[in-house]
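Subject: Structure for you to look at

Hi,

Here is the structure I promised to send over. Have a look at it first, then read on for what I found.

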Amino acid sequence: MRYVSTRGRAPELGFRDVLMAGLAVDGGLYVPHEWPSLPTASAPEARSYAVRAAEVMAPFVGGEIADAELRAMCEAAYATFRHPDVVPLVDLGDGHHLLELFHGPTLAFKDVALQLVGRMFDHVLAARGDRVTIVGATSGDTGGAAIDGVRACRRVEIVMLYPAGRVSDVQRRQMTTVDEPHVRTVAIDGTFDDCQDLVKAMFADAAFREEQRLAAVNSINWARVMAQVVYYVVALERLGHPAVMSVPTGNFGNVLAGWIARRMGARVGGLVVASNANDILTRFLATRSMDARAVTPTLSPSMDIQVSSNFERLYFEMLGRDGAATEAGLADFRRSGSLRVDDAAWAAWIEGVFAGYRCDDAATLATMRDVHERHGMLIDPHTAVGLHAAREHRRRDPRPVVTLATAHPAKFPDAVRRATGRTPELPAHLADLMSRPERVHALPNDLRAVQDFVARRAG
């Protein structure tokens, strides 16, 4: 398998090089040269999540990691999850299911990919005798999951940026309480979009990128998206019939993984894009125009995003894989704050596949309260956004729907308590999280200041 950049000017790479590069040197995102078909499952009655994960990802890895080694990495990664099914399906009745993706070490869906990606980094770096500096941006969950994924890897320095005051206390502490010399957490005076722009700018600085040996674990890294494809495949195989998937969506990586699973042949009946008040994607699906606005803080902070970077991968497909056109369209979006899609591309790629729904904070709380009253369950606000959208969609489409439950309710105790009157408890391995000492560095939204910090602290 070879990989190409969505901007069309970077050289093609194999899987290992794409894993380590993250962002392409032309500023684009890597995608497979062609989309493979879904591999046939082996021994379904005895198959574990790890085994199926290795099967689904093997075509993307293209033999650059031996099948036995890939399977061993998957088994080690998913042994860290607290549930034997790794990502269990919960039947809510009336055609609704929840796919619980939060049973990993940091209680968020990001663990599904990052527990594996950390092991892949370790494997490739050891083989090459190399070291890297990971720089990442997080709207909440990626930071803790990435740090946990690489904390045992001594060939990695990691610097994680997050928007100061715009993540939950639990999310922040999962980053700032990790007492490892190769881990640095930075609070940026700005939004997640500002953090993401800083990371992209560091990668775009070729000299700095090479000098610091930069690598990425955000979903700009193809391996993140690849690993997320698996749980769509597994969920639908367990369900035994097609279903619409409702996805709480900010940076578009999670819903893109669903689109890829569908493209490979998984029985994804459609994709519901569930947005909070930062509803740029929902408005796009309603108007065919992507128009950026200021970021609004909400009860679901991991979705407080206006620039959904993974949309670029789908946009590239919509433009017939024309890298120059993709780059020009995105440059216009950056300048004008608006991006439109023509009728032919819309009919071919969006219509009948994607639907979008908005859920404000009041509806989020109402959904959390309703689930608690009906089922005795606590759900986090991001999952509530997804479930609200799923319910709205079923008013128009009677097909079964699976909502991705993306975070454990204990990551957002204030919102859960406000909705239900109950305070969710952290699992035992995080029971003392709120009393652990924090280590955090505060920096302005300034590229030079951040680069100086990375250069001083890393390497």
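For what follows, a contact means that heavy atoms lie within 4.5 Å. Keep in mind that this is a predicted model.

Let's start with Tyr78. Leaving out residues up to four places away in sequence, Tyr78 touches Tyr49, Ala50, Ala53, Val86, Val112 and Leu116. Tyr78 and Phe354 have the most contacts inside the largest nonpolar core, which has 108 residues. Helix α9 (residues 222-239) gives this core its largest share, 14 residues. Another core, of 23 residues, lies apart from it, and Ala137, Leu198, Val450 and Val454 are among its members.

Next, the sheet. Five strands form an open sheet in the order β8-β5-β6-β7-β15, and the pairing is parallel. At the edges sit β8 (214-215) and β15 (441-443), each pairing on one side only. Two bridges join β5 (residues 132-137) to β8 in the parallel sense, and Thr133 has Leu214 in β8 as its bridge partner. Helix α7 (residues 192-204) packs on the sheet, where it touches β5, β6 (156-163), β7 (183-188) and β8. The direction of α7 makes about 150 degrees with that of β5.

Last one: is helix α16 mostly covered or uncovered? Mostly covered, as 11 of its 14 residues are buried. Among them are Pro381, His382, Leu387 and His393. You can check the length of α16 (residues 381-394) too: at 1.5 Å a residue, its 14 residues should span 20 Å, and the end C-alpha atoms are 20 Å apart, so the two agree.

Cheers

How values were computed
Residues numbered from 1 in each chain as written. Predicted model: local features only at pLDDT ≥ 70, side-chain atom pairs only at ≥ 80, totals over all residues. Heavy atoms only, no water. Pairing = 2+ DSSP bridges. Helix = DSSP H or I, 4+ residues; strand = E, 2+ residues; numbered from the N terminus. Axes fitted to C-alpha atoms, helices over the stretch in contact; angles between N-to-C directions. Core = buried A, V, L, I, M, F, W, Y, C linked by side-chain atoms within 4.5 Å. Buried < 20%, exposed > 50% of the residue type's maximum accessible area, 1.4 Å probe, protein only. Expected span 1.5 Å × (residues − 1).
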